Amino acid sequence: MIGKLLIANRGEIAVRVIRTARRMGLATVAVYSDADATALHVAMADEAVRIGPPAPADSYLDPEAILAAARLTGADAIHPGYGFLSENPDFVDSVARAGLIFVGPPADAIRAMGLKDRAKALMEEAGVPVVPGYHGADQDPGFLRRTAVEIGFPVLIKARAGGGGKGMRRVDSESGFDEALESAQAEARTAFGDSACLIEKYVATPRHIEVQVFADAHGNCVHLFERDCSLQRRHQKVIEEAPAPGMTPDMRAAMGAAAVRAAQAVGYVGAGTVEFIADASGGLDPDGFFFMEMNTRLQVEHPVTEAITGLDLVEWQLRVAAGHPLPLAQDDLAIAGHAVEARLYAEDPARDFLPATGRLAVLRFPPAGPSLRIDSGVREGDAITPHYDPMIAKVIAHGPDRATALARLARALGDTVIAGTTTNRAFLCRLLVDPEVAAGRVETGLIARHQDELATPPAPDAEAMALAALAVAVPPPAPGAGPFDALRDFRLHGAARHTVRFDDGAGAAQVVTVTTGAEGGRDVATPLGSVSFTRAARPAPGMLEVVSDGRRFGVAVATTGRTVHVQFGAAAFAFLLHDAVAAGQDVGGDRVTAPMTGTVRRVAAATGDRVARGQALLMLEAMKMEHMLVAPRDGIVAEVLVGAGDQVEEGALLLALEEEEEA
């Protein structure tokens with residue numbers, strides 16, 4: 001039996017595991033890096049142990065530090081969550097040698113599924129359909145190019161190790177194959193230490209559908225139905241749902257049976273996910289799906305499966321790890337309704353989903369309940385740092401049908417208020433009401449096809465600017481306010497006027513005038529037009545309530561530094577208060593600055609080098625992603641201010657070009 005559980009992870013998955021363990025009566029141990037010393041999962045656990053500095057390699061990816069924490073606290077078992085050490089077979093072996101229970105599959109099963117080429121060969125032997133392609137050991141570029149020609153273009157080059165889209169390239173013709181292969185191999189070598197690639201036929205209209213499987217040590221194995229994860233950007237999942245739209249009973253049975261065969265083929269125990277790619281060009285068909293890979297851990301999107309089955313998958317994990325048989329057989333499992341999950345990230349969709357950092361000055365979620373679940377590892381006031389994945393929360397909605405679940409999720413995201421960092425919240429709101437998404441016509445290329453309209457926020461209008469001005473001009477109720485507080489805008493002669501100045505982005509001021517009327521209404525004159533409000537009040541901190549043209553609505557407001565945030569439903573705007581001193585600063589086109597906080601991984605230029613516009617100069621790593629910074633113009637490097645390994649803050653000057661000579 002398990003008495004004390006150590007969670008070798010952080011963030012929302014650590015919080016999620018702790019909640020189930022606590023409900024089961026287990027003692028819990030959290031581990032944390034210096035960056036997470038005050039994190040939510042640390043506060044929730046019964047005990048917590050520091051395991052190192054912020055860098056994952058020195059903390060959450062350090063097996064010895066994790067095992068030392070288990071010995072120190074007397075833990076019986078280790079739950080790895082997902083990511084970090086969750087799919088490291090050597091770590092699983094180390095846990096076993098230490099006499100502890102690993103809450104996950106055997107090391108041999110992880111090894112079998114860890115390399116895509118070996119896994120596909122095993123699946124072929126087990127009768128699981130695989131995408132036509134080459135999964136062998138020969139990595140000669142000429143051989144791989146000839147193989148691609150035989151398969152037929154377009155093809156997909158995929159790194160055999162790892163995932164997340166790294167080392168993956170689509171190739172549409174023979175002429176572009178060699179360059180794409182070299183690029184994929186280089187990225188795979190950097191990301192996984194393994195440059196080997198496999199070649200697969202590219203499916204033109206792909207659906208990413210995965211099946212949740214569960215097996216115990218007594219020979220029992222079931223599937224818990226499917227999840228559709230087709231809504232992706234850059235091969236990263238954005239929206240997941242269960243069941244898959246358009247799924248037929250025949251295909252569900254065929255796909256579920258194939259997933260169970262895949263798990264049994266490697267002697268699997270615990271929770272796992274078998275990922276398939278389905279050709280949706282002619283609708284879902286039992287003969288039109290192919291094995292991609294198996295994730296030998298719990299998935300980020302497991303809550304949608306829990307919502308439609310009514311099960312706690314972490315509880316199943318802990319019981320199976322303790323040696324118990326599966327609680328239910330296949331015939332006992334059924335689907336109830338529909339569930340949809342959105343991944344709420346600190347990132348900027350308008351800048352190609354560039355990760356963002358910042359302190360969560362405001363973080364308010366709508367109340368959770370039977371139809372709404374919020375999984376988060378952060379609280380208001382916490383910082384999103386460059387060290388880890390920038391997820392803020394998973395928002396999961398459940399309903400009797402897909403349309404209801406989508407509507408509930410869109411409403412929940414609209415009611416979520418965040419200030420202090422850029423997020424994808426408004427992007428998610430727009431995505432959920434996209435006509436193709438609403439109709440269930442999802443596939444992996446949808447977001448890329450509609451990225452411009454989905455990712456580009458609407459320009460602020462007069463009403464948005466007026467609301468931001470009211471957020472400044474109308475103060476929230478003060479604690480213990482007296483009877484004279486209501487007279488703050490009283491004037492003996494004329495109306496009260498407040499002037500608010502916003503920055504126009506070029507250093508000039510945009511002047512907004514708020515005039516208070518005799519009945520408490522407010523007329524707001526902005527450079528974009530004038531708006532009249534018959535009522536404008538601050539019923540509570542962080543809230544503004546207005547009436548305009550007979551329409552009453554609430555607005556979430558917040559101020560962080562010089563930035564005024566206003567949000568109503570899916571719409572969200574940020575206005576920068578004008579600073580005359582800062583407006584006098586001239587950045588120009590001679591500087592390369594850090595677009596986010598991160599670590600300089602590579603410097604490709606030196607002082608005195610002549611560079612061309614668009615030439616790669618520096619590689620910056622943040623949130624597990626690499627970002628190449630390029631020359632803003634042709635010129636000569638005047639100074640390089642950083643070196644490889646340096647930590648830099650957002651906006652820091654990294655490299656400067658010599659000033660251009662006047663003609």
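Hi everyone. Let me start with a cut-off: a residue counts as buried when its relative accessible area is under 20%. Keep that in mind as we go through this model, which is a predicted one.

So, is serine 230 buried or exposed? Its relative accessible area is 0%, so serine 230 is buried. You'll find serine 230 in strand S11, which covers residues 221–233. And which residues is serine 230 in contact with, if we leave aside its neighbours within four places in sequence? Those are Arg207, His208, Val442, Glu443 and Thr444.

Next, a sheet. Four strands make up an open sheet, ordered S6-S9-S7-S8, with antiparallel pairing. The edges belong to strand S6 (133–134) and strand S8 (168–171); each has a single partner strand, so one side of each has no neighbour in the sheet. Helix H6, residues 116–125, packs on this sheet, where H6 touches strand S7 (155–159) and S9. The direction of H6 makes about 50 degrees with that of S9.

Staying with S9, residues 197–201, this strand runs antiparallel to S6, and two bridges join them. For glycine 133, the bridge partner in S9 is glutamate 200.

Methods:
Residues are numbered from 1 along each chain as its sequence is written. This is a predicted model: local features need pLDDT of at least 70, side-chain atom pairs count only at pLDDT 80 or more; totals for chains, interfaces and linings use all residues. Side-chain values use heavy atoms; hydrogens and water are left out. Two strands pair if DSSP finds at least two bridges between them. Contact means heavy atoms within 4.5 Å. Axes are lines fitted to C-alpha atoms, for helices over the stretch in contact, and angles run from 0 to 180 degrees between N-to-C directions. Buried means under 20% relative accessible area, exposed over 50%, partly exposed in between (1.4 Å probe, protein chains only).
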